[in-house]
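Have a look at the structure first, and then read on.

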Amino acid sequence: MELIDSDIELRHWVDLEGKKLLPISSPLGNEEVCYTRASVDLEPFTSEHEGYMGNYGNTVDRWYHRAAVVLWPRERTFVIRAKASASWAIRQLGKTLKTGSLDEGRSMARQLLPFWESVARREQSRGFVEKTLRVAEAIQLPELASSLLKPFALEQLSPNTAPLWARLLERYGGEWCQALLAHYASNHEGPGRKVWRLSLPRFCEALSSAGSAGAIELARWLTNEQWRQVMGESTTCREDLPAKNATDELLRLHKPILALLESSVIAENPRLKREILEFPASPELTAAELDLLVLLLRAAAADRRPGLPAVLGLESVHERCTRALKARLSDPLRAADDWSMPAPPGCTCRLCRTLASFLVARDRNRFEWPLASAGRMHVHRTLDRYDLPVTHQTRRSGSPYTLVLTKTKALFEREQSKRKAWESDLDWLNKERRRFLVERRSQ
């Protein structure tokens with residue numbers, strides 16, 4: 001057996017008293033290792049191996065775990081301990097800067113940069129973000145401060161951090177803060193982003209209470225950016241997702257939209273407030289958009305803070321939903337022999353035009369369509385994507401095979417169910433109308 005490659009890594013650490021320390025994964029070069037005897041004579045206390053893996057080639061990987069004494073120059077202590085605990089490193093930096101040793105603190109901060117992003121991201125200790133923000137402000141160098149803060153994410157902009165961001169704003173300016181927050185928005189998006197948006201009003205409130213025009217402007221900029229993100233998500237819902245999934249995802253936006261509306265009021269942003277209240281911009285609301293706005297109103301009404309619907313200006317949304325529901329409920333009930341349904345939007349190819357002709361026909365509920373495999377697949381995908389109440393089966397005789405489309409009674413059942421939901425929504429809006437009007441007049 002021939003040795004192809006080898007490396008050494010320090011993983012499990014104990015101090016001089018035998019106490020386990022935080023793990024540091026540190027690779028070593030051969031020039032850093034000093035053996036007291038030949039490596040083959042050192043007995044490992046445990047070992048592992050991975051055998052031949054077929055496509056990986058005829059190699060075997062082996063790991064030997066041995067103990068070693070680790071020594072380093074005192075001047076490297078800060079870096080080595082910082083790799084184990086980002087929180088410890090920030091505490092040390094804070095102490096150094098507090099004593100007035102600005103140059104020494106900057107030097108220590110620069111030593112962190114090669115590995116800082118990885119260790120800071122995994123640090124979960126309480127108060128770590130706040131301490132790092134204080135250090136970044138005290139370091140008094142915009143580029144170095146930005147490097148220390150880049151591992152964070154928007155989800156860590158809690159109300160507790162707002163006063164510290166106000167101090168950073170005074171130190172480095174609005175453009176510096178905006179660039180850093182834009183970095184967070186584009187590079188660290190995770191599953192907690194939608195939950196975080198619900199707390200955005202509290203952050204904007206705490207930031208704006210700092211009193212400076214720059215703090216309010218930063219809150220306004222952040223709210224605008226998040227609204228742009230939400231609009232992108234709503235577009236994705238409509239254009240990229242299957243119909244049922246698109247509706248579910250769109251309806252989930254009602255609480256983030258409400259939070260952004262409140263944030264626009266706090267950030268003194270009337271233009272954005274008006275844009276949110278007029279969303280969606282199309283004069284005719286789709287069924288999903290109408291449901292979204294009703295959910296938005298219900299969420300505002302459920303908030304225990306008195307007068308919130310009026311403060312947010314939701315009277316216009318209330319009136320818009322009321323008009324839309326009355327218009328939909330005034331439409332005549334579907335006749336028992338009316339099998340028509342709207343054709344799906346988007347594709348206008350020959351196959352989809354033929355499909356649309358069948359779907360909108362009132363007197364046709366079955367269509368036998370000789371069609372090659374690729375065409376059948378295209379029609380299948382269209383029907384499934386838009387969750388249409390049409391079954392599609394292939395009769396495998398003849399050439400080409402015949403695609404059999406059949407409209408189902410779900411067409412009538414869905415409409416009846418939707419109509420009941422609209423009646424319930426309109427009844428609620430009528431009962432809650434006084435809440436939206438009287439509280440507005442009492443401002």
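## Overall picture

Of the 443 residues of the protein, 40% count as buried (buried means under 20% relative accessible area, exposed over 50%, and partly exposed in between, with a 1.4 Å probe and protein chains only). This is a predicted model, in which local features need pLDDT of at least 70 and side-chain atom pairs count only at pLDDT 80 or more, while totals for chains, interfaces and linings use all residues. Residues are numbered from 1 along each chain as its sequence is written, and side-chain values use heavy atoms, leaving out hydrogens and water.

The secondary structure comes to 19 helices and seven strands (DSSP runs numbered from the N terminus: helices are H or I with at least four residues, strands are E with at least two). The protein is more spread out than a compact globule, because its radius of gyration is 31 Å, well over the 22 Å that the globule rule gives for 443 residues. That radius is taken over C-alpha atoms, and the rule is 2.2 Å times the number of residues to the power 0.38. Along the principal axes, the C-alpha atoms fill a box of roughly 95 × 70 × 35 Å.

## Helix α6 and its partner

Helix α6 (residues 162–172) has several buried residues, among them Trp165, Leu168, Leu169 and Tyr172. After α6 comes Gly173, with a positive phi near 95°.

Which residue forms a salt bridge with Arg171? Glu137 does, with the closest N and O atoms 3.1 Å apart (a salt bridge is a side-chain nitrogen of Lys or Arg within 4 Å of a carboxyl oxygen of Asp or Glu). Glu137 lies in helix α4 and Arg171 in helix α6, so the pair ties together parts that are 34 residues apart in sequence. Glu137 counts as buried, at 12% relative accessibility, whereas Arg171 is partly exposed at 37%.

## Other salt bridges

The whole structure holds 23 salt bridges. Glu415 and Arg334 meet in one of 3.1 Å, N to O. This pair links distant parts of the chain, 81 residues apart: Glu415 is in helix α19 (residues 410–441), and Arg334 is in the loop between α16 (315–330) and α17 (350–360).

Asp303 and Arg305 also pair up, at 2.9 Å from N to O. Asp303 is partly exposed at 24%, and Arg305 is partly exposed at 34%.
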